[in-house]
Amino acid sequence: MNHMPVENNRQSNVDRFLGFQELYDRHRPHAPLKVPELLIHYLGGPPSLVVDVGCGTGLSTFVWKERAQQVVGVEPNPDMLSKAEEKLHLLPSAGTSASISFRQGYSNALGLADGSADIITCSQSFHWMEPVSTLREFSRVLRDGGIFAAYDCDWPPAIGWEAEEAYLLLIAQSEQLLRQLVKEDEAAMKLDKEEHLARMRQSGVFRFTREIVFHHEEPCDSERLFGLALSQGNIQTVIKRGAVNGLEQELEDFRRLLDKSLGGETVNILFSYRLRLGVK
């Protein structure tokens with residue numbers, strides 16, 4: 001890290017995503033176009049400033065490049081941030097109407113002016129943040145009538161029951177290994193996503209909150225779906241701790257069932273999303 005985290009941020013949560021930005025960016029789903037469509041609808045018009053917090057490699061940031069005047073991606077992890085900036089430099093100037101930038105920072109210390117943002121998003125990231133200080137900071141930065149949205153997809157996507165069962169066994173085994181490998185006070189800590197909406201309501205920040213459920217399809221082959229599993233933070237932590245042999249059977253079973261389900265083809269796979277929305 002270039003600097004120590006500000007108060008209430010857990011360093012292990014940041015470090016969990018070190019070193020596998022290429023794998024993450026190659027296999028994780030892009031933010032669905034349904035996200036800006038929904039948020040612009042609730043905002044009542046196109047946004048001037050969108051802030052994408054916990055933006056990772058920018059998969060959830062670039063979806064705004066033709067839909068906002070300015071887009072700022074905020075990410076504490078230097079490896080993820082470097083990949084986002086690399087992609088930004090490769091973006092054709094003719095392909096965007098927005099001014100896009102990335103900065104290293106934390107959800108509870110955005111470094112943006114009061115009331116400056118129309119929309120703040122957290123894609124697959126709000127569960128890594130300290131919610132009280134984060135929502136307080138989001139309230140400060142959002143204008144009246146501004147929108148906050150935390151959205152996540154369900155894991156695994158709709159592959160087929162046998163492959164999905166194997167995926168769940170793989171995740172369970174990786175979690176068991178992590179309990180043996182990592183001390184409790186050194187482990188990454190994440191919130192229950194099912195409680196996002198309750199936390200938003202309890203914050204007192206929003207005049208209106210709701211959950212919206214939708215689906216999104218992406219083309220996948222067995223290699224991509226296997227890479228998607230490998231991009232999960234707990235599996236990467238096991239690998240980085242040198243204990244991947246403890247997952248050998250589960251990884252082999254998952255890969256075999258992916259090949260069986262997809263038959264070597266690229267098919268559209270359904271990802272289910274849950275978006276929790278608040279209007280300030």
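**Briefing: salt bridges and a covered helix**

Glu195 is partly exposed, at a relative accessible area of 38%. Its salt-bridge partner is Arg199, with N and O 3.0 Å apart. The model is predicted. The count of salt bridges comes to 17.

**Salt bridges**

- Arg199 counts as buried at 18% relative accessibility, whereas Glu195 is partly exposed.
- Asp25 and Lys87 form a salt bridge, their closest N and O atoms lying 2.6 Å apart.
- Asp25 sits in helix 2 (residues 21-27) and Lys87 in helix 4 (residues 78-90), so this pair ties together parts 62 residues apart in sequence.
- Asp25 is buried, with a relative accessible area of 14%.
- Glu218 and Arg224 meet through their side chains in a salt bridge of 2.7 Å, N to O.
- Glu218 is buried at a relative accessible area of 7%, and Arg224 counts as buried at 12% relative accessibility.

**Helix 5**

- Helix 5 spans residues 131-141 and is mostly covered, with 8 of its 11 residues buried.
- The buried set consists of Pro131, Ser133, Thr134, Leu135, Glu137, Phe138, Ser139 and Val141.
- Glu130 caps the N-terminal end of helix 5, placing a side-chain oxygen 3.3 Å from the backbone nitrogen of Val132.

Definitions and conventions. Residues are numbered from 1 along each chain as its sequence is written. This is a predicted model: local features need pLDDT of at least 70, side-chain atom pairs count only at pLDDT 80 or more; totals for chains, interfaces and linings use all residues. Side-chain values use heavy atoms; hydrogens and water are left out. Buried means under 20% relative accessible area, exposed over 50%, partly exposed in between (1.4 Å probe, protein chains only). Helices (H or I, at least four residues) and strands (E, at least two) are DSSP runs, numbered from the N terminus. A polar contact is a pair of N or O atoms within 3.5 Å; within protein, one must be able to donate a hydrogen and the other to accept it, and residues adjacent in sequence count only if both atoms are side-chain atoms. A salt bridge is a side-chain nitrogen of Lys or Arg within 4 Å of a carboxyl oxygen of Asp or Glu.
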